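Subject: Handing over the structure

Hello,

I am passing on the structure that we talked about, together with some notes to read beside it. Please keep the view open while you go through them.

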Amino acid sequence: MAPRVPLRLTLIGGFALWRGSQELGIATSGQRLIALLALRDRPVGRLHVAGTLWPDYSTERSLADLRTTLWRVNQSSEQVVAATPSFLGLGADIEVDIRNLAAFARRLDQAGTASETVDLDSVRLADLVGDLLPDWYDDWLQDEREGLRQTRLHALESLARGLSASGRHADAIQAALAAIRLEPLRETAHHTLIEIHLAEGNSSEACRQFRRCRRLLREELGVEPSDSMRLLLEKRLGLSRSLASLNGLSRRGAGALATTPRDSSAKSRT
């Protein structure tokens, strides 16, 4: 007997269930059942599943539709869903892309405090920037999408720092830029990109990125970048150099810092 080929589920970018290189055909109702169980990552009560997937139906009808959907999924796809009289869960041996991403993000977060190293290429950048089931408009997906967005942002920033520390500055810049595209007003993403430019020795790029961030924050939120970003540049570039190149870093007055009382009196005499 040939060994059984494990199943692989992708939810980032769209739904697909694979057996090796073969994509399995799953009806729409079955896709939603599988996706819900994959995102919950634990056994879920039948009543909760039925009420979530068929919110406008009576309890009796939604449970009946759930039974039909469950039968069809497991008939066509080799027991994808593990079922008990009260609970449903995704088959334990199914690989899920979003779970891999979450595990990768946790490893990145723990890398700074643990001695173990992280394979920075174990998750593709495309998986870190893709959307969760972008063509679905179910209400229950909204919180899941926001949770994934936050996971992706933190993972992209951590990945960028890790790649930069490994000397892979070009890859690190792409990861940081992906975080900025995902959330343009996220200051920590801009801060990370500036750090990478400085680590690579590109002070002009660091200053240019600071100006972009400052313009965005001013136009969209009416605020200045934080002192931590300004001090990063002052510390790495030198106070006078950073003040001159950035044309004023803060409202508190780069000019006041760059001009001494003696300079002011000299100007008044001239």
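Predicted model: local features only at pLDDT ≥ 70, side-chain atom pairs only at ≥ 80, totals over all residues.

Residues are numbered from 1 along each chain as its sequence is written, and side-chain values use heavy atoms, with hydrogens and water left out.

Let me begin with the sheet. Helices (H or I, at least four residues) and strands (E, at least two) are DSSP runs, numbered from the N terminus, and two strands pair if DSSP finds at least two bridges between them. Four strands form an open sheet in the order 3-2-1-7, and their pairing is mixed. Strand 3 (22-24) and strand 7 (95-96) stand at the edges with a single partner strand each, so one side of each is left without a neighbour in the sheet. Strand 2 (residues 16-19) runs antiparallel to strand 3 and is joined to it by three bridges, and L17 has L24 in strand 3 as its bridge partner. Strand 1 and strand 2 are also antiparallel, with four bridges between them, and here R8 stands opposite W18 in strand 2. The hairpin of these two strands has five residues between the strands, and within this hairpin G13 takes a positive phi near 90°. Strand 1 and strand 7, by contrast, pair in the parallel sense over two bridges, where the bridge partner of R8 in strand 7 is E95.

Next come the aromatic rings. Rings of Phe, Tyr and Trp (its six-membered ring) count as a pair if their centres lie within 6.5 Å, and the planes make the pair stacked when under 30 degrees apart, edge-to-face when over 60, and tilted for the rest. A search of the whole structure gives one aromatic pair. The ring centres of F15 and W136 are 6.2 Å apart and their planes are at 20°, so this pair is stacked. The pair links distant parts of the chain, since F15 is in the loop between strand 1 (7-10) and strand 2 and W136 is in the loop between helix 5 and helix 6, 121 residues apart. Both F15 and W136 are buried, where buried means under 20% relative accessible area, exposed means over 50%, and partly exposed lies in between (1.4 Å probe, protein chains only).

A charge sits over a ring if NZ of Lys or CZ of Arg is within 6 Å of the ring centre and within 35 degrees of the ring normal. R32 lies over the face of W136 in this way, at 4.1 Å from the ring centre, and R61 lies over the face of Y57, at 3.8 Å.

D138 lies in the loop between helix 5 (125-129) and helix 6 (141-165) and R32 in helix 1 (residues 28-40), so the pair ties together parts that are 106 residues apart in sequence. D138 is buried, at 17% relative accessible area.

Salt bridges also link D121, R168 and D171 in a network. The closest N and O atoms of D121 and R168 are 3.0 Å apart, and R168 meets D171 at 3.0 Å as well. Of these residues, D121 is exposed at 51%, whereas R168 is partly exposed at 29% and D171 is partly exposed at 38%.

Finally, the helices. T69 is found in helix 3 (residues 59-77) and is buried, with a relative accessible area of 6%. Contact means heavy atoms within 4.5 Å, and, leaving aside neighbours within four places in sequence, T69 is in contact with S29, G30, L33 and W54. In helix 8, the buried residues include A189, H190 and H191, and the buried residues of this helix pack against helix 6, helix 7, helix 9 (203-221) and helix 10 (227-237). Just after helix 8, G201 takes a positive phi of about 90°.

Best wishes

Notes:
Salt bridge = Lys/Arg side-chain N within 4 Å of Asp/Glu carboxyl O.
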